[in-house]
Structure formats: structure tokens, C-alpha cells
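Me: I would like to learn how to read a model like this one, starting with confidence and then moving on to strands and surface.

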Amino acid sequence: MYRFLLTPRWWGINVFVLLAIPFCIFMGSWQLSRFEDRIQDHRTASEQAAAAKTAAARPLAELLPVDKRTSGRQTTATGRYDSGRQLLVPDRELDDRRGFYVLTMLRTDGGKALPVVRGWLPGTADAAKVPAPPTGEVTVTGALQASESPGSNGVSAAGGLPAGQTGAISSAALVNLVPYDVYNAWITLTKTDSGMKAVPATAAQGTGLDLKAFQNLGYTGEWFVFAGFVVFMWFRLLRREAEFARDAELGILPPETDAKGEIDANGEAEARFETEAKG
């Protein structure tokens with residue numbers, strides 16, 4: 001009854017199944033490992049954020065470049081605020097309220113400028129609401145952050161902002177707004193003044209349980225479902241072919257009909273076979 005398994009057609013089906021099942025299992029396992037890695041990154045980032053609040057601040061140069069390990073760490077920098085280069089970052093939420101960040105460039109002794117978020121104010125971005133930065137040489141302390149990219153961490157991807165505003169805090173965006181080099185990093189002050197609220201540090205990109213993490217989990221389920229579907233279809237085809245072979249041996253099928261019961265030796269349609277079988 002199962003001699004049809006030795007036909008070239010079934011050899012091809014069997015080889016496909018033998019390759020498809022381990023491939024689906026491998027891809028599902030890989031997606032699951034990606035989800036587990038994101039969970040571990042999220043746990044590590046949470047522990048790091050908690051430790052950073054009590055750890056001593058370190059000089060900026062010791063923590064650059066910003067990566068998953070140094071993001072959120074407390075750092076210090078010394079320089080002078082450029083009061084003429086104060087920018088507003090609109091459409092930023094804090095405590096479920098919409099407002100804007102006050103971003104001021106700190107000119108350091110190294111020649112570069114460090115973007116410093118001095119605080120957050122509620123309402124529409126308005127330069128008239130912004131307090132002037134301290135004068136003279138200052139030493140600031142805050143959480144180190146990596147340059148933002150549009151579409152992440154609430155950063156707006158909209159362009160065409162008024163003069164004196166920027167949508168993202170990044171060296172790529174600021175280099176066109178200031179006449180000097182900018183660090184590829186920024187800090188948010190731990191303590192603010194003039195009624196502004198301190199902006200909490202955010203986790204480094206790729207370390208949170210975001211949509212991408214749950215996409216990995218969804219893809220895991222899909223690949224395992226595909227593997228099960230391949231097995232189901234193989235057994236279904238096998239059962240169907242075996243039933244036709246058994247019917248042929250019992251003489252239920254006409255001699256001129258092949259095992260699939262689709263077309264007879266004269267090339268007639270399947271409808272004729274059904275009529276003859278019922279007769």
C-alpha cells in the first residue's frame with residue numbers, strides 16, 4: 001500500500017519535510033533566544049539604573065563613548081554655558097503632562113560642547129518661559145545619555161521646527177545648529193533650578209521590553225506553528241494517498257484511474273471518474 005513513498009514525487013516531498021522541520025525549529029529557537037536576550041538586557045538596565053543613582057559621579061571622559069554599560073551613569077563636566085545657544089525640545093512628556101526640555105550647550109575646556117538638559121517645563125515650547133542659565137564656570141552633574149534618534153523614546157520624527165528648537169538631542173542634529181563641535185552624548189541634570197523639573201534618564205535603546213521584544217516572541221510562536229503545519233500536511237497527504245492506494249487494490253477505483261483519482265488514462269476529467277465510481 002505504501003509503495004508510492006518510493007516514487008520521485010514522494011521523495012521530493014519527504015526531503016522538503018526533513019529540511020523544513022529543523023529549519024522552522026531553528027528559526028523559532030533563534031527568535032526565542034532574541035526575546036530572552038532582550039529580557040536580560042532589560043533586567044541589566046534596570047539594575048544599572050538603580051545602581052547609578054547611588055554611585056559616585058565620574059568625569060565625562062571616562063564614560064565615553066556611551067554604550068549600554070555607561071548609559072544612565074552619573075557624570076560630571078566643567079565649562080561655561082553658552083546662553084546664546086539655548087534650544088527647546090518640544091513635545092516631551094513628564095508625569096503624564098506635555099511640555100518641553102530646556103537644552104543648553106556647555107562649552108568645555110576640551111573645545112567641544114556638551115548638550116545639557118537643564119530641566120523640563122510644562123506647556124508649549126516658548127523661549128520667554130525659559131530661565132537664563134548660570135553664568136561663569138560651572139560644574140554640572142547628571143545622567144549620561146546616548147544621542148537620540150527620531151521615533152525612539154518619544155522623540156518626534158517631525159521636521160520643520162521653528163528656529164531655536166530641535167526635535168532630537170543628537171550630535172547629528174545639533175551640528176547644524178551650533179558653530180562648534182558637539183559631543184556624541186548629552187546629560188540630564190540631577191538637580192535643576194528656577195522651577196524646572198529634572199528629566200529622568202531613559203534606558204539605552206534595545207534594552208527595554210518594547211514592541212520589538214514582543215515581536216520576537218510572536219515570531220517564535222509562528223515558526224513553531226509552521227513546523228507543526230508541515231507535519232500535519234505530510235500526514236494528511238500520506239493518509240490521502242494511502243486511501244487511494246487501498247481503494248485501487250480493492251478494485252473500487254477503475255483500472256484507468258491513477259492513485260490520486262484525478263485524470264484517467266484517456267485524459268478525461270475527474271467528474272467522469274466520480275460518475276463511474278458511483279455506478
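This is a predicted model: local features need pLDDT of at least 70, side-chain atom pairs count only at pLDDT 80 or more; totals for chains, interfaces and linings use all residues.

Me: Where in the protein chain is confidence lowest, and where is it highest?

Reply: The lowest mean, 45, belongs to helix α5 (residues 270–278), while strand β4 (residues 113–122) has the highest, at 94. Over residues 257–279 the pLDDT is below 50, and this stretch has 25 contacts in the model beyond near neighbours in sequence.

Me: Next, the strands. Which strand pairs with β2 in the parallel sense?

Reply: Strand β1 (residues 58–59) does, over two bridges to β2 (residues 74–94). Within this pairing, Arg58 stands opposite Thr75 of β2.

Me: How many bridges join β2 to β3, and how many join β2 to β5?

Reply: Ten bridges link β2 with strand β3 (residues 97–108), and the two run antiparallel. With strand β5 (residues 137–145), β2 pairs over seven bridges, also in the antiparallel sense. Leu88 is opposite Val102 in β3, and Thr78 has Thr139 of β5 as its bridge partner.

Me: How do side chains sit along a strand in general?

Reply: In a regular strand they alternate between the two faces of the sheet. For a single residue, accessibility is then read case by case.

Me: Take Gln74 in strand β2. Is Gln74 buried or exposed?

Reply: Gln74 counts as buried because its relative accessibility is 15%, and the cut-off for buried is under 20%.

Me: Now the surface. Which residues make the nonpolar surface patch of about 460 Å²?

Reply: Leu6, Trp11, Val15 and Leu19 make this patch. One of them, Leu19, is found in helix α1 (residues 8–52).

Me: Why does Leu19 count as exposed?

Reply: The relative accessible area of Leu19 is 58%, and exposed means over 50%, so Leu19 falls in that class.

Note on methods
Residues are numbered from 1 along each chain as its sequence is written. Side-chain values use heavy atoms; hydrogens and water are left out. Two strands pair if DSSP finds at least two bridges between them. Helices (H or I, at least four residues) and strands (E, at least two) are DSSP runs, numbered from the N terminus. pLDDT is the predictor's confidence in each residue, from 0 to 100. Contact means heavy atoms within 4.5 Å. Patches are made of residues with over 30% relative accessible area and no salt bridge: like charges are joined within 9 Å, nonpolar side chains (Val, Leu, Ile, Met, Phe, Trp, Tyr) within 5 Å. Accessible areas come from the Shrake-Rupley method with a 1.4 Å probe; for residues, only the protein chains shown count as cover. A salt bridge is a side-chain nitrogen of Lys or Arg within 4 Å of a carboxyl oxygen of Asp or Glu. Buried means under 20% relative accessible area, exposed over 50%, partly exposed in between (1.4 Å probe, protein chains only).
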